[in-house]
Every structure is written in C-alpha cells, then in structure tokens.
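Please open the structure in a viewer and keep the sequence at hand.

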Amino acid sequence: MSILTLLCPSPLRKKLDIARCTLLALCHDMAESLVGDITPMDGVSKAEKTRREGETMEYLTKQLLGVGTGCEEGGTLLREAWEEYEESVTLEAKFVHDIDKLELVIQMMEYERRGQGQVDLREFLRVAENIEMEEMKEWCRAVLRERQDFWDGVGKEPGGTDISKKILGRGDGETEVDGKVGGETVEGKEEAEMDDRNPG
C-alpha cells in the first residue's frame, strides 16, 4: 500500500500530502501484528475490532515505544497516524482507505493471471464498489479494463461482469464497452467533462 501511495494519480497528488499518506499506509495495519487480521468472516463486531486494535496500539506506542525508550516522539507519531486512518476524516485518510481497496482488486487480478484462466476471484470485486474518490475510481476502472483484456485473451468470460460494468459505467446509465460510452470514446467523454468543469 505504501508504494501505491507514491504512485498517486497526478490530479489527486496536488491535493494531498503524499508523505503523510505513505505514513498512514505504513502504520494502518500495525495492530494486526498482534491481534491478527480480523475480517468480517471472523464474527467479530466492528466495535470489538476497534477495541482490540486500540488496546494493541496503546501497548505498541506507549509501552514498547513509550517513556524511557528514547522513541517517545516516534510512538506518538505512529499512534496519531493510526488514529487518523481509523477516523477516515482527512483527505489523506480517505485516499489511503481507497488505496487499501484498490490493492485488493489488483491482487485479485494478479492471482487470476497466475491461474492462467482457471481461477476466477469475482467475489473480491465487491470491494471496488466502495472506492469513494473519483480519481481512485478511475484508477480502479483502468485495473478492471486490464482484467477484462486478460480474460478476453484466454477466451473466457470472467465472473462478476455485472459489477465490472457497473463500475466502468459513468453514473448516467451508460456502460463502457470496448473503450466507448454511449458511442463516444471514454477519453473523449472525460475530456469533455473536464472542459465543462474548467470553462475558458
């Protein structure tokens, strides 16, 4: 995730503190080093997950890196970054949350490639629907187009096509097909939309 923050799309980069984003990405899963990766399949409530991870971060940043260790400032920095990510209020935190989702989609595609068309991991596509930032949605669309190209190359129709089409759509009922939306190229439509947003 930290490397992906450094590959932030140019339009979005201008709005973000990339160094801060990288820090958030590096420490967002610190608590999992002790409590493990708690997923929805584990039957643990969100409140309980937050409690366990909060206590773990308290231990890591205030005991292991606390008073008398010489690492007090670093511990405070990591704790604040973790809390910022968890609260997901700042633009940097929202970006890193979207990076977390995008990374899962990229991993899904890479595992499918390794399976040479015998492995279909469509169930992970659902996470792509939760990406929030428009620039990140476009990045995700590029990944999904690449996934479709892979499956076309092996002569198979991938699972989750309905979700992909929904994500590749532009929110106006039109769906991207072969790089076009409603008969207009995606690039042309995006340029027109940009001109509308920046008149003159």
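**Before selecting**

This is a predicted model, in which local features need pLDDT of at least 70 and side-chain atom pairs count only at pLDDT 80 or more, while totals for chains, interfaces and linings use all residues. Residues are numbered from 1 along each chain as its sequence is written, and side-chain values use heavy atoms, with hydrogens and water left out.

**The whole chain**

Display the protein chain as a cartoon: ten helices and three strands are present. Helices (H or I, at least four residues) and strands (E, at least two) are DSSP runs, numbered from the N terminus. Along the sequence, the elements follow the pattern α-α-α-α-α-α-α-α-α-β-β-β-α.

Now show the surface. The protein chain exposes about 11800 Å², of which carbon and sulfur atoms supply 52%; accessible areas come from the Shrake-Rupley method with a 1.4 Å probe, and for residues only the protein chains shown count as cover. Of the 200 residues, 38% count as buried. Buried means under 20% relative accessible area, exposed over 50%, and partly exposed in between (1.4 Å probe, protein chains only).

Contact means heavy atoms within 4.5 Å. Of the contacts in the protein chain with a separation of 6 or more, 59% are between residues 24 or more positions apart.

Two packed helices are described by the angle between their axes and the distance between the axes. Axes are lines fitted to C-alpha atoms, for helices over the stretch in contact, and angles run from 0 to 180 degrees between N-to-C directions.

Select helix 7 (residues 91-114) together with helix 8: the two pack at an angle of about 5°, with their axes 10 Å apart. That makes helix 7 roughly parallel to helix 8; angles under 35 degrees count as roughly parallel, over 145 as roughly antiparallel, 65 to 115 as roughly perpendicular and the rest as oblique. On the helix 7 side, the contact residues include Phe95, Leu102 and Met109, and on the helix 8 side they include Trp139, Val143 and Phe150. By class, this contact of helix 7 with helix 8 has 14 nonpolar, no polar and five charged residues. Ala, Val, Leu, Ile, Met, Phe, Trp, Tyr, Cys and Pro count as nonpolar, Asp, Glu, Lys and Arg as charged, and the others, Gly among them, as polar.

**Helix 8 with helix 9**

Arg141, Leu144, Arg145 and Arg147 of helix 8 make the contact with Ser164, Ile167 and Leu168 of helix 9. Three nonpolar, one polar and three charged residues take part in the contact of helix 8 with helix 9.

**Single residues**

Select glutamate 53 in helix 5 (residues 46-64). Is glutamate 53 buried or exposed? Its relative accessibility is 4%, so glutamate 53 counts as buried. Beyond its neighbours within four places in sequence, glutamate 53 is in contact with Ala31, Glu32, Val35, Trp82 and Glu86.

Next, find serine 88 in the loop between helix 6 (72-87) and helix 7. Its phi is near 50°, a positive value in a residue other than glycine.

Finish at glutamine 116, in the loop between helix 7 and helix 8. Glutamine 116 is exposed, with a relative accessible area of 63%.
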